[in-house]
Amino acid sequence: MKYIFYDTETTGLEAAYDQILQFAALEVDEDLNEIASINIRCRILPYIVPSPGALMVTGVSPKDLVAPNHSHLEMASEIRNWIMRRSPCLLVGHNSIKFDETFLRHAFYRTLHPLYLTNTHGNNRADTMRMAQAAAIFTPGSITVPVSEKGNPSFRLGPLVRANGIDFKEEDAHDALADVRATLELAKLVRRRAPEIWEQMLNNSTKKTALAFMRSNPAFCLAEINFGKASTYLVSAITNNPKYDAEMAVFDLNYNPNDYLGCSVEELVAVMKGKEKAIRIVPANSQPIIVNTTIGHSILEENGTDPEVLRQHIEQIQGATEFRQRVATALTMRYADEEASPHVEQAIYQDFPSKADEAIMMAFHKAAAEEKSALCYKLQDTRYREMAMRVMYTDHPDHMDSADRHRMEKDFKDRLLTEEKMPWLTIPAAFKELEELRGQGSKLELLAEIEIFIQAMHKRFAAI
């Protein structure tokens, strides 16, 4: 199996409204020896306000936002091509499933590329943060886990690798390539010190094998980490979501099945959403931390429930056909009352593009600049038509219809200068963030550069 270890640096934390500034990756063989690398940066999109706080943390200066030779489109295309040439492979990052992968998908969405590169074309994904968490929970002492200022275990990359003797200087943090090399060393450490966990978590890296594991084990151990604190459960699989099969509902065997087997669909929805979760949802496509009861024997010992009672609970859950059917229905209804976002950025998972639109997007990438504008209008999906227009605005403004260009400029002006609280960072909100940072009294020179950059953005859009 080939691996690609990767990392991103971004303008902020909101994947829908921020962007990747740097992408770095290492291709390694099955023994984790380096084969090839990529390290690419792009310019900031003109309609994205960088988070001053994020720039202060990463040390990225405003001149670094505009200096790279690559546009966002060019970078996204190069990332896709580089990974495709190495597929199939296992893509690995640190906290990548929740963070970096989400940014990659939004980058592909904005640039009219297929979203799911990390789990299609034979590719799968894994996360060293989850591997380290699994090792810490199920093989205590195999790795050293530092403690945060709040007294919780910290699995942040820098502190974690340094606590385990991996050379990683503070000044190297927040450079994507340095982070990738640290992530690779952490993977080697987990594989060496907790081989059973390494193999189990590799098994959990695909939806198919994770689901097969849960279905074939009458009881297994599940770990979840929330706000830095780990919780472990002895569970039994019930059923997966018939509309989204990556979601598996499991029953916490600490609870008495008799209290739930007769619940209606509506009551089961409430159980799933409630604080007391007798039924938990395991995302099989996100490398869940699930292990067999041999590896998780300490969970059995801590459980304290009589083994005969546990056996009875398992048999009740496994044999409850009607209960399983109601749970399946409840899984599909959990978010039925949620309204769709009015913002195109958050509509990324609303639906798949049609085959016709997919063909037009492929043609868009191959077409000459003067031919791209006409292709925008052929897209039937309004989400992708808007994204195509944004690509034209950022990469080919001279080939846009002047009315379209002026409309987009007016939209960006309204979007960025509003005083209302929005899900994206506005220019007034950035100025407020700058004031708060100034009060902390650190990196004042960089802070002044960031302020000048955002003032220039304000001036540019105010003049439209």
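I took helices (H or I, at least four residues) and strands (E, at least two) as DSSP runs, numbered from the N terminus. I worked on a predicted model, where local features need pLDDT of at least 70, side-chain atom pairs count only at pLDDT 80 or more, and totals for chains, interfaces and linings use all residues. Residues are numbered from 1 along each chain as its sequence is written, and side-chain values use heavy atoms, with hydrogens and water left out.

Cavity. I searched the whole structure and found one cavity of 30 Å³ or more, a cavity being a set of points, on a 1 Å grid over the protein atoms alone, where a 1.4 Å probe fits but cannot get out. I noted a volume of about 70 Å³ for the largest cavity, volume being the space filled by probe spheres set on the points, which are joined across faces, edges and corners. Its lining (residues with an atom within 4 Å of a point) includes Leu45, Tyr47, Arg110 and Met387. H16 (382–395) and H3 (72–84) each supply at least two lining residues, and H16 gives the most, with five.

Helix pair. I found that the axes of H14 (residues 355–366) and H15 (residues 369–378) come within 9 Å and cross at roughly 170°, the axes being lines fitted to C-alpha atoms over the stretch in contact and the angles running from 0 to 180 degrees between N-to-C directions. H14 and H15 are therefore roughly antiparallel, a label for angles over 145 degrees.

Key: Angles under 35 degrees count as roughly parallel, over 145 as roughly antiparallel, 65 to 115 as roughly perpendicular and the rest as oblique. On a 1 Å grid over the protein atoms alone, a cavity is a set of points where a 1.4 Å probe fits but cannot get out, and a pocket is an open set with protein on both sides within 12 Å along at least five of seven lines; lining residues have an atom within 4 Å of a point.
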